[in-house]
Amino acid sequence: MTVVELARRLRGGAVSARELAQQALDAARRRADLNAFIALDAERAEAAASAADAARAQGRDTPLLGIPFAHKDIFCTRGLRTTCASRMLADFVPPYDAHVTERLDVAGAVLVGKTNMDEFAMGSSNENSAFGAVANPWDGTRVPGGSSGGSAAAVAAGIVPFATGTDTGGSIRQPAAFCGITGLKPTYGRVSRYGMIAYASSLDCGGVLARTAEDCAHVLAALAGHDPRDATSAQRPVDDYVAALDQPWAGLRIGVAREYFGAGVDHGVAAAVHAALRALEQQGARLVDVSLRNAHHAIAAYYVIAPAEASSNLSRYDGVRYGHRCANPTSLEDLYTRSRAEGFGAEVQRRILTGTYVLSAGYYDAYYLRAQRVRRRIADDFAAAFAEVDLIAGPTTPTPAFRLGEKSGDPLALYAADVNTVAVNLAGLPAISLPAGFVDGLPVGLQLIGPAFAEARLLAAAHRLQQVTDWHTRTPGARP
Amino acid sequence: MSRAWEAVIGLEIHAQLSTASKLFSGAATAYGAEPNTQASFIDAALPGTLPVPNREAVRKAIQFGLAIGARIAPESVFARKNYFYPDLPKGYQISQYELPVVAEGVLPVRLEDGRTLSVRIERAHLEEDAGKSVHDAFHAETGIDLNRAGVPLLEIVSAPVLHSPAEAVAYLRTVHTLVRWLGICDGNMQEGSFRCDANVSVRPRGETRFGTRCEIKNVNSFRFVEKAIEYEIERQIRALENGEAIVQETRLYDPARHQTRPMRGKESADDYRYFPDPDLPPLRIVPEDIERERAALPELPEARRRRYIEAMGLPALDADQLCLDRATADYFEAALATLAPQAADPAAAKLAANWVLGELAAALNEAGLDIAAARVTPTALAQLLLRLREGAISGRNAKEVFAAMWAGEGEADAIIAARGLRQISDTGALAAAVDAVLGEFPAQVAECRGGNDKLLQFFVGQVMKRTRGQAHAAQVNALLREKLAP
């Protein structure tokens, strides 16, 4: 059920927040096979649900009041272990809440647990987790996508109506596409990064995974806004995303980026996305061809900039103040080397090495600076396109979910699958992935990209599509 | 120094900006607190924490830039300097690299021989301090104190334009005076809030290329800076004269032996992998920010010094001394304002300067007090000097009165009255005293009239004795000369 439906039932007294929390916890335990959760916190959920029920009895009625949800285990939760799916932080209990945690707390949503993810958000299959891989609810032999794989699986399996996620190169949109749900990555700076464990600071973006665009609008309304604790947080006022959902939009121009339908895109995926676009056209949208000339450079630029920032961001995990510390270090260097070698998984180590390399004297100009120039061109391409169109559309991913283990031995093949999502992060734009059909029983995602701070427009277009299609209502068959 | 060699010195000064909180966190910066009581989650680099720049530190950087006539960058960039060390919680230090907030200023530096050196300051940038490793608190373990981690520093980098230890120290002192004058740094070298690294190289005189330089760290007093540079220059010359090459390295100064030696330990961090900090947007400073600071800028030491000499007629030496720190200069001006409220009065200025730099300085020194804690206010001192100028008390008695004021016995007039120190300058009364003395010593009077001038001082002494020191000495002298004329 959606957030909106659950809120209606709570309001009508058909169900209590405590019952919903219990149902979510039961469902999470029943679907332990998915491995979607790193931790469940029944005690905290019950306390929050009771508080929500009490508030409702007092007359409070806000959209998320009493709605159960899960946090990606990258958002710090005071007093509740926050691991980033890393052995490095296996025992880390934050003494503070992330901004996103605070906001949902204030909104009255009920946290039931922390979801699995790729370690430090590095990956797109959720196979890089110190807590094991996550299964795709549509097909247990396939990946749910990543890095917010646990969140996507938990929502797709109906355990929680929404979950938080982070998106650095597609980590909300790609798992949303693979799991047949809706995932919103807001504009960079729209949601504070305070308390969200950093992977690549200039790209990291908190957001939401839910069943519908309407639900995403309700959650974004709670998350968005300026936070003085994050110097990159936008000062700009927050739009009324929910009110904008039903605003009329005659003649919305949707740019169809030909680069997003290039070689490597599955025919079934392309067909499903075209069909969804035709549905939007029938609703009065105008489809326009656009070109994003530097799109093919996005992967290369991303895999320079993100590791560069990561190599520095992850330097703090040194075994000195918190986190994993190796046994019996013999020297300072031994402490660093073994703590980090033991604490970080292979992909994290790979990106730290890459990032250290591209920032090194003699390579900085050739890699880091060049990647930044490419980044600017990619942003310029989008800016030029948005002079002609209101939104840009394409498939979120070139293929549906691949098999567990299929690409884990080939990092480059895995990186290449991010082709349609990473450019959006490089340009700092908002984008949404929504269900657009199936290929061989596996969900396909349509990606809509907007200009900076055009979340309201994105959500309205997605909502309109979800009024005339029913892909988002499909759920995977019940399993054991 | 050998005539054949020329030393080239550049200083990197770290001035701790006196802000209440740290450069990127709200933790306090007070010195001497219990270890780790002034470290926030941000300073400890807990996961998910983010830096937010302290605008107060930025304001202070702007003030320094304006004071040296530098360019204030409308947009400067915080960069990460990456290296591993236990007292560096994030694994990087946030500093400024390619685009510093302050660029290209000049500071006039007065040397002891009277020359003025224009020292070019290449840049001044904001950066955070690291924490402190504590090696002696735990057995076989090192403790980390993060109180200092994140404290705001202004790193002031001079061009390599200094050529002797004396020039380097004169420049260092001038910067020290300036930052305290501006109130942006307390200048306390013992507590480490004003530190200096020196880059030293030597080259054959006449050579325009630079020699290989060594960086000397850990010099925490003016004297040590001078000694360390002196040693380092001699060491390099000796090496070069022996045909050895200078190795570019960081050296530590050992104050016990007055030597520098290569630094060991610390990751040999030649490659800091600087890159712009993605957590911090470029630091924007709009013209209004700059103008606000410019308007609030105090009269600078050099301008004030010139005013003291040119408008007040003070000797250069006095002006130099008074302008060594702003509180002293302000004290002087406050006293002078009471002493000579109207027009320029060079004699009054000189009198006030003498007392501020003489009696007052000595009293402060003896009590180990800062001028801010002086036990005699500028107005009170001026009251005393007024009496002295009027001739109501003698110079010697004025010192006694000052000592009594310092001891808390009250204001000048009250002390003069209570101790009966008012000087007798009434001609009638003085004449009576002189006549009485002359009547008492007829033989000496005759001898004196006979040409023995030395006896004049004997009579002055006798008159003083009779008047308990209150007689106006010059008047007594004049009267005696008149009455003892042959």
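**Exercise 1.** Which strands of chain A does helix α5 (residues 149–156) lie across?

*Solution.* This is a predicted model, in which local features need pLDDT of at least 70, side-chain atom pairs count only at pLDDT 80 or more, and totals for chains, interfaces and linings use all residues. Residues are numbered from 1 along each chain as its sequence is written, while chains are lettered from A and ligands numbered from 1 in the order in which they are written.

Step 1. Helices (H or I, at least four residues) and strands (E, at least two) are DSSP runs, numbered from the N terminus.

Step 2. Helix α5 of chain A lies across β1, β2 (68–72), β3, β4 (162–166) and β6 (206–210). Contact requires C-beta atoms, placed from the backbone, within 7 Å.

Step 3. Helix α5 runs at about 160 degrees to β4(A). Such angles run from 0 to 180 degrees between N-to-C directions, with axes fitted as lines to C-alpha atoms, for helices over the stretch in contact.

**Exercise 2.** State the strand order of the sheet in chain A and identify its edges.

*Solution.* Step 1. Two strands pair if DSSP finds at least two bridges between them.

Step 2. The open, mixed sheet has 11 strands in the order β1-β3-β2-β4-β6-β5-β10-β11-β9-β7-β8 (chain A).

Step 3. β1 (37–40) and β8 (286–290) of chain A each have a single partner strand, so one side of each lacks a neighbour in the sheet.

Step 4. From one strand to the next, the twist averages 30 degrees.

**Exercise 3.** Describe how β1(A) pairs with β3 (residues 110–115) of chain A.

*Solution.* Step 1. The two strands pair in the antiparallel sense over three bridges.

Step 2. A:K114 in β3(A) is the bridge partner of A:A39.

How values were computed. Two residues are in contact if their C-beta atoms, placed from the backbone, lie within 7 Å.
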